[in-house]
Amino acid sequence: MRTKLAIIGVGLIGGSLGLALKEKLGDDIFITGLCRTQKSMDIAVARGAVDRASSDIKTVVGEADIVFLATPVLQMVPLLEEILPHLRPGTILTDAGSTKAYLWHHIKEMLPEGIWYIAGHPMTGREKSGVEAADKDLFRHKAYVIVEDTGAPPEAHERLMAVLSHTGANFMRLDIRKHDRCASLISHVPHVAATALVTLLSQSRDDMESCLKLAGGGFKDTTRIASSNADMWADICMTNREAITRHLRDLQAILGTVIESIEEGDREAVRRYFAAGKERRDAILDKTEKMYDLV
């Protein structure tokens, strides 16, 4: 029987999911997509990310077996209020949100009986956004978190994974709180830091032109993620505040220690800082790159 999937927000993530599933499942899956503009609808259909696109929620979700939320996090709860009245019993809700505790706190009070929510987070992306940037291989070999503690029965998990497995992602299970802590360290704080480095450069005033001439691959690689979607990252910071602010303060303390060592001319302390960083990074990459493509 053909699976009917509704993607809410056919941008980079939603569009990439559609492309991956259509390539693997073909006519065995029918994908509808919610887009805000006619231009986005036309591109989503032309690229093959969805079979049908619309700006009308009922049209998109009315017959869906699975609804995949791929909008900025703060848009998900208001959208769900509009979506839920149109869902059939047995429909599975999942999402690509980068924060989980905030969503579950709100969603668990809204779910009607027989509608199942399974929280998810594909740990992938790129600095470009929109369905134009979608890539059928975006999920391949990337970590994809599935949260199990949202009350959905095993058969709902099996139905969802039977579809998502075709993305080629490496799936892992985490509880909600641990996910948000880990996402803060691995993804959220690095985005804040990358933007801070760009901001620092932009404040160089008279040195800006000369600095840009010196900027090479290191600066480009370190700050690449600062080009990501601003609305998405503002929502992430608002919905994972506790973990992000705690980790940013930890980072601030680390930088403060380095500043003191440099000011005092303590070369050995500075050398140990860099040596320990290299050793830890090399060990982390050696352990994980065999399992995941790190982004």
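Tutor: Contact here means heavy atoms within 4.5 Å. The model under discussion is predicted.

Student: With which residues is Ile 236 in contact, leaving aside its neighbours within four places in sequence?

Tutor: Ile 236 is placed in helix α10, residues 230–239. Its relative accessibility is 0%, so Ile 236 counts as buried. Apart from neighbours within four places in sequence, the residues in contact with Ile 236 are Ser 98, Thr 99, His 188 and Ile 244.

Student: How far apart in space are the C-alpha atoms of Ile 236 and Ala 101?

Tutor: Along the sequence, Ile 236 and Ala 101 are 135 residues apart. From C-alpha to C-alpha, the separation in space is 11 Å.

Student: Is Ala 49 buried or exposed?

Tutor: Ala 49 belongs to the loop between α2 (38–47) and β3 (52–54). Beyond four places in sequence, its contacts include Val 10, Leu 19, Ile 31 and Val 131. Because a residue under 20% relative accessible area is classed as buried, the 0% of Ala 49 makes this residue buried.

Student: What distance separates the C-alpha atoms of Ala 49 and Gly 18?

Tutor: Gly 18 is among the residues in contact with Ala 49. The two residues lie 31 residues apart along the chain. Their C-alpha atoms are separated by 4.4 Å.

Student: Which residues does Val 145 touch, not counting residues up to four places away in sequence?

Tutor: Val 145 is part of strand β8, and with a relative accessible area of 3% it is buried. Its C-alpha atom is 8.3 Å from that of Ala 119, a residue 26 places away along the chain. Once residues up to four places away are set aside, Val 145 touches Ala 119, Gly 120, His 121, Met 123, Met 172, Leu 174 and His 179.

Student: How many aromatic pairs does the structure hold, and how is the pair of Trp 104 and Tyr 117 classed?

Tutor: The structure holds 4 aromatic pairs. In the pair of Trp 104 and Tyr 117, the ring centres are 5.8 Å apart and the planes are at 15°. Planes under 30 degrees apart count as stacked, so the pair of Trp 104 and Tyr 117 is stacked.

Student: Which secondary structure elements does this pair link?

Tutor: Trp 104 and Tyr 117 are 13 residues apart, and their pair links distant parts of the chain. Trp 104 is buried at 18% relative accessible area, and Tyr 117 is buried at 1%. The elements concerned are helix α5 (residues 101–107) and strand β6 (residues 116–118).

Student: Why is the pair of Tyr 273 and Phe 274 classed as it is?

Tutor: The ring centres of Tyr 273 and Phe 274 are 5.2 Å apart. Tyr 273 is partly exposed at 34%, whereas Phe 274 is exposed at 55%. Planes over 60 degrees apart define the class, and since the planes of Tyr 273 and Phe 274 are at 65°, their pair is edge-to-face.

Student: What is the value of phi at His 141?

Tutor: His 141 is found in the loop between β7 (120–122) and β8 (143–147). With 40% relative accessibility, His 141 counts as partly exposed. Its phi is positive, in a residue other than glycine, and is near 65°.

Student: What is the value of phi at Arg 205?

Tutor: The loop between α7 (176–202) and α8 (208–214) contains Arg 205. Arg 205 is exposed, at 69% relative accessible area. Although Arg 205 is not a glycine, its phi is positive, at about 50°.

Key:
Residues are numbered from 1 along each chain as its sequence is written. This is a predicted model: local features need pLDDT of at least 70, side-chain atom pairs count only at pLDDT 80 or more; totals for chains, interfaces and linings use all residues. Side-chain values use heavy atoms; hydrogens and water are left out. Rings of Phe, Tyr and Trp (its six-membered ring) pair if their centres lie within 6.5 Å; planes under 30 degrees apart count as stacked, over 60 as edge-to-face and the rest as tilted. Helices (H or I, at least four residues) and strands (E, at least two) are DSSP runs, numbered from the N terminus. Buried means under 20% relative accessible area, exposed over 50%, partly exposed in between (1.4 Å probe, protein chains only).
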